[in-house]
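Please read the following account with the sequence and the coordinates side by side. The walk begins at a single side chain and then widens to the cores and the sheet.

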Amino acid sequence: MSAYQSLRDRQVAAIKRVLNLNEVPHETGDGQHDAAATNGLISQSTPILNAEGEPIWKVLVFDNLGRDVISTVLRVNDLRSLGITIHLNIHQERHPISDVPVVYLLEPTAANMERITQDLQKGLYSPAYINFLSSIPRPLLEDFATQTAQAGTSEQIGQVFDQHLNFIVSEPSLFSLGMGNKSYFTMNSAQTSDDDIDANVDKIVGGLHHSNNTLSKGGAAEMIAAKLDRKLRDHILNSKDNLFSGNRAGGASSLPSSRPVLIIVDRTVDLVPMLSHSWTYQSLIHDVLSMHLNRITVETPVEEGNTGKGSAKRSYDLTSSDFFWNKNAPAPFPQVAEDIDAELKRYTDDAAEITKKTGANSIEDLQNDTSASAQHLKAAITLLPELRERKALLDMHMNIATALLKGIKDRQLDNFFQLEEDIKKQTKVQMLELLADPDKGTQPLDKLRLFIIWFLSTEQEVSRADMERFEEALKKTGVDATPLTYIRRVREITRMTMISSAPTQPQQASASTELFRGFTSISSRLTDRFKDAGLGANFDTLISGVKNFLPANKDLTLTKITESLMDPQNASTSALQKTEGFLYFDPRSANARGTMPPSAKDARSGAAQSRGIEASFGQRRQGFSEAIVFTVGGGSMDEYGNLQDWAKRTNGATGGAAGAVSRKRVIYGSTELVNAESFLRELAELGAEA
């Protein structure tokens with residue numbers, strides 16, 4: 001039985017196939033992404049060979065989306081190992097590289113078609129292997145054929161392929177469609193034209209084309225599900241080798257044993273995760289350091305251990321070959337600090353073992369040491385690249401942890417997180433006092449986020465006079481209160497769709513103490529360890545005073561919805577009731593049929609067509625082992641982590657052979673991953689319209 005391949009594994013394999021001129025590469029292992037296995041040092045990928053057995057060296061040309069798709073899963077070294085000597089953006093000025101094949105990976109747009117034709121006319125490259133990220137519409141393909149015939153460049157084109165790769169994979173089970181930081185505003189603004197809404201819906205439908213069973217809830221999600229249902233039905237009718245036939249390349253083994261369920265929800269179902277403060281490593285990085293496409297920028301001292309000489313900005317990529325990131329991304333931040341300590345100790349012990357055998361004083365002295373025995377020196381040199389890589393990664397995560405700690409302390413993020421854990425217990429008086437407290441952090445936006453979460457969650461009545469007092473208090477902090485105008489409008493809708501969740505297990509105060517014994521005890525050990533390893537100073541001053549506790553094991557609304565659809569036997573009654581009215585589509589079922597979906601203009605005027613039989617989903621509940629959960633209007637790193645935690649807990653509860661059969665896997669996707677600051681800007685624009 002082949003090992004499970006994550007979404008990222010599959011996308012990496014597809015991109016490698018594209019870069020090898022759509023030749024299926026000879027796998028050296030089980031076909032999975034091998035970066036982790038090689039620790040990111042030596043890629044097992046090899047470029048395609050020509051008739052003489054020589055590697056075919058190529059040029060890669062992409063547009064902005066193609067760049068984002070590739071850059072999140074492959075690094076420059078990976079591209080080089082696949083025979084890519086240079087990579088360029090199609091919109092920049094480029095010079096001829098004669099008789100060198102070019103691989104294009106881009107969106108099928110009229111502008112891109114014209115640029116390709118111009119490249120071939122100028123003889124920049126030859127031959128051209130053209131790969132579209134999504135299916136090219138027939139009229140556009142005909143226009144491109146006409147251009148090619150008129151320009152006389154047909155002989156320079158080697159291949160034209162639709163690749164269905166128009167999504168960006170950030171984590172093994174996390175993707176977005178790269179639609180920008182204004183997707184929620186665009187789908188909810190009264191100023192957005194019907195044509196623009198239809199264009200956005202079509203783009204989302206194209207990005208979700210490879211999914212089958214579809215459940216949807218509300219607004220744009222309903223339109224998307226209806227159009228996707230029609231697209232999938234047409235695909236089944238018009239293609240013998242379709243998504244569900246099992247005759248595709250790779251054979252039946254590449255298909256899941258059972259069909260997954262695609263759950264499409266509108267962002268308005270729950271706005272809280274978009275604004276909440278989290279305590280996990282990946283969520284803190286996304287919030288505090290504004291991670292985008294797995295890249296972050298942090299300020300580090302110009303001279304290690306000497307902050308007096310100023311700081312410089314340094315960019316880091318969090319990749320799949322980073323063992324520390326793979327292990328600790330979903331972990332609570334205090335646990336990450338503990339693991340840095342453990343990994344540094346392991347590194348120091350391994351380095352000491354090597355130097356002891358060779359007689360050298362340090363790892364750095366090994367290169368210049370000729371007195372060591374040949375056998376020990378050979379073993380040491382073999383281990384040196386891995387040790388250096390490990391040291392570099394720990395250096396990087398130390399710098400990231402330092403930047404996070406500074407953000408946590410300056411903004412008092414631990415206090416905000418604790419307040420949000422029991423947000424419903426806060427009274428109106430307490431909220432007013434908190435907003436007026438000048439000592440609660442250095443960023444007023446954190447107070448605005450906390451208030452909106454309280455306002456959406458509280459069961460207390462908030463009168464107009466109360467609201468005016470809250471707005472006045474927020475304005476005194478210097479924050480723009482415009483988002484509240486929109487939040488007041490959607491509060492009643494959101495309160496009906498949100499599913500309140502108590503912790504699934506009681507949080508014991510002693511558990512946190514026993515596990516971590518406070519940041520102060522970690523501080524003294526880590527400070528010594530970091531200084532010994534040369535990984536930075538002043539860690540103790542940053543970490544002291546930051547509170548340490550375990551977050552409550554609490555499911556978010558989207559997780560509750562997913563549980564009610566994937567595992568109805570164990571779902572709560574409230575979650576089952578909330579999903580009873582979900583529209584249900586199945587492209588292979590005659591009883592869950594869709595007609596041609598209405599346009600945005602028809603939907604707004606109330607002229608929406610019926611979708612045929614409209615079978616009630618509640619009558620056909622069944623369990624699913626795999627799900628793709630997609631939010632229209634922006635995604636949250638908190639929701640992704642929460643869904644993965646739920647799947648892990650569920651799989652842990654059903655151990656043994658039965659658990660292996662019913663193993664739950666959840667992929668989370670969105671129009672774009674958005675942090676709280678960006679989402680508040682969207683809410684402000686919507687509030688200005690109201």
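In this predicted model, the side chain of Ser278 reaches the backbone nitrogen of Thr280 at 3.4 Å, and it also makes a polar contact with the side chain of Asp638, at 3.1 Å. Ser278 is found in the loop between helix H9 (272–275) and helix H10 (281–288). Is this serine buried or exposed? With a relative accessible area of 14%, Ser278 is buried, because the limit for that class is under 20%. Once its neighbours within four places in sequence are left aside, the residues in contact with Ser278 are Ser283, Leu284, Phe417 and Asp638.

In soluble globular proteins, nonpolar side chains tend to be buried together. The largest nonpolar core here has 56 residues, of which Tyr281, Ile285, Leu289, Ile296, Phe333, Ile400 and Leu404 touch the most other members. Helix H13 (residues 374–411) gives the most to this core, with 10 residues. Apart from this core lies another, of 53 residues, among them Ile84, Val169, Val201 and Ile224.

The account now turns to the sheet. Five strands form an open sheet with parallel pairing, in the order S2-S1-S3-S4-S5. Strand S2 (84–89) and strand S5 (157–162) stand at the edges, where each has a single partner strand, so one side of each is left without a neighbour in the sheet. From one strand to the next, the twist averages 15 degrees. Strand S4 (residues 128–132) runs parallel to S5 and is joined to it by five bridges, and within this part of the sheet Phe132 stands opposite Asp162 in S5.

Helices also pack on this sheet. Helix H2 (residues 64–71) touches strand S1 (58–62), S2 and strand S3 (102–106), and its direction makes about 115 degrees with that of S1. Helix H4 (residues 110–122), in turn, touches S3, S4 and S5, with a direction that makes about 170 degrees with that of S3.

Conventions:
Residues are numbered from 1 along each chain as its sequence is written. This is a predicted model: local features need pLDDT of at least 70, side-chain atom pairs count only at pLDDT 80 or more; totals for chains, interfaces and linings use all residues. Side-chain values use heavy atoms; hydrogens and water are left out. Two strands pair if DSSP finds at least two bridges between them. Helices (H or I, at least four residues) and strands (E, at least two) are DSSP runs, numbered from the N terminus. Axes are lines fitted to C-alpha atoms, for helices over the stretch in contact, and angles run from 0 to 180 degrees between N-to-C directions. Contact means heavy atoms within 4.5 Å. A nonpolar core is a set of buried Ala, Val, Leu, Ile, Met, Phe, Trp, Tyr and Cys residues joined through side-chain atoms within 4.5 Å. Buried means under 20% relative accessible area, exposed over 50%, partly exposed in between (1.4 Å probe, protein chains only). A polar contact is a pair of N or O atoms within 3.5 Å; within protein, one must be able to donate a hydrogen and the other to accept it, and residues adjacent in sequence count only if both atoms are side-chain atoms.
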